[in-house]
Amino acid sequence: MGLLLLLGALQACTGIKLGYNNGVDLAAWWLDGHIDFNKAQSQQVRYDLGQLQLRHRQQDLPDYAQTLRQTQTLVAHDLSTEQVCSVANTVRGYIDALLVDAEPAATTLVQSLTPAQISYLERKYAKTNAEYRSDWLALTPTAMHQKRFDKALERAEMVYGRMDTAQKTLVRQQVEQSRFDPQQVQAERLRRQTDTLQTLRQLQRDTPTAAEARAAVHGLLERSMHSPQASYHSYAEALAQQDCQAIALVHNSTTTKQREAAVRWLAGYEQSLRELAAQR
């Protein structure tokens, strides 16, 4: 997914600032929902998240803002598939770097987990898998295409403003031609979940050193971001390339007025990120 549609999943600029400033609470709440922290774990997680956010605010947000500044220049003109993929790869690089920064805190948390908490996580996985089956696997192809079209159009109009009939038709065509396969996604989700549970239980059995635990967490995060399954890796690469092409095609159908709207929209996010980076 390109940067335009990735950011399109966010809310207004005031929303991103509010969400970021409350990021520690939101992340701790999400993790607690998967693990069920005890008091000591909750305090440690909040401290570690606070330190991670401080470093991220000071060192990473300025880079994100600069990427947004560069993207504003790009969206004022036609885009190639390669340009969209380049921005998308930059965003993925930011995510990879953030996970590496989180490894020490993740290792501390992993080493504190109890067998009961790992079982709690397993039950949480079962619940989210049931939700995914209901949300995607139970849909007919027609219903799935409509759901994806609605989401894609909503995000495009958030960036560019109202799309005309021809543009909506183009968006629908890209959705219907997409390689997206919810069965493939679910299979990869299940692989990651099994990998996570096995890794956590193996760490409990082996009582590793801190360095060994860090290496295990690093490997788990790496496999989560970059699947070792050749078939899924090929699928994901092909889908990403197709998404880049679709985004370029839709962008290149936009008017000067719509591109100006996209520039203003990106500029708003850039300003928000710079303001967040300046906060201490």
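## Pairs that hold on to each other

Let us start with one side chain: Tyr 94 has a relative accessibility of 22%, so Tyr 94 counts as partly exposed. With a value of 17%, Tyr 64 falls under the 20% limit and therefore counts as buried. Please keep in mind that this is a predicted model.

### Aromatic rings

How many aromatic pairs does a search of the whole structure find? The search finds four aromatic pairs. One of them brings together Tyr 64 and Tyr 94: their ring centres are 4.5 Å apart and their planes meet at 40 degrees, so this pair is tilted. Tyr 64 belongs to helix H5 (residues 61-75) and Tyr 94 to helix H6 (residues 81-112), so the pair ties together parts that lie 30 residues apart in sequence.

Another aromatic pair is formed by Trp 136 and Phe 180; it is edge-to-face, with 5.6 Å from centre to centre and 70 degrees between the planes. Trp 136 is part of helix H7 (residues 115-137), whereas Phe 180 lies in the loop between helix H9 (165-177) and helix H10 (182-206), so here the tie is between parts 44 residues apart in sequence. Both Trp 136 and Phe 180 are buried.

Charged side chains meet rings as well. Lys 147 lies over the face of Trp 136, 4.3 Å from the ring centre. So Trp 136 has Phe 180 as its aromatic partner and Lys 147 over its face. Elsewhere, the charged end of Arg 172 sits over the ring of Phe 149, at 3.9 Å from the centre of that ring.

### A disulfide

A disulfide is a covalent bond between the sulfur atoms of two cysteines. Which cysteines are joined in this way? Cys 85 is joined to Cys 244, with 2.3 Å from S to S. The link is right-handed, with 120 degrees about the S-S bond. A search of the whole structure finds one disulfide.

### Salt bridges

The search for salt bridges finds 13 of them.

| Glu 103 | Arg 214 | 2.7 Å |

The salt bridge of Glu 103 and Arg 214 links distant parts of the chain, with Glu 103 in helix H6 and Arg 214 in helix H11 (residues 210-225), 111 residues apart. Glu 103 is buried, at a relative accessible area of 4%, while Arg 214 is partly exposed, at 33%.

What about helix H10? Glu 188 and Arg 192 both lie there, four residues apart, about one turn of the helix. Asp 195 and Arg 191 are also four residues apart in helix H10, so about one helical turn separates them. Glu 188 is buried, at 3% relative accessibility, and Arg 192 is partly exposed, at 28%. Asp 195 and Arg 191 are both buried. Which residues are linked in a network of salt bridges? The network is made of Glu 188, Arg 191, Arg 192, Asp 195 and Arg 223.

How values were computed. Residues numbered from 1 in each chain as written. Predicted model: local features only at pLDDT ≥ 70, side-chain atom pairs only at ≥ 80, totals over all residues. Heavy atoms only, no water. Phe/Tyr/Trp six-rings, centres within 6.5 Å; stacked < 30°, edge-to-face > 60°. Helix = DSSP H or I, 4+ residues; strand = E, 2+ residues; numbered from the N terminus. Buried < 20%, exposed > 50% of the residue type's maximum accessible area, 1.4 Å probe, protein only. Lys NZ or Arg CZ within 6 Å of the ring centre and 35° of its normal. Disulfide = S-S within 2.5 Å. Salt bridge = Lys/Arg side-chain N within 4 Å of Asp/Glu carboxyl O.
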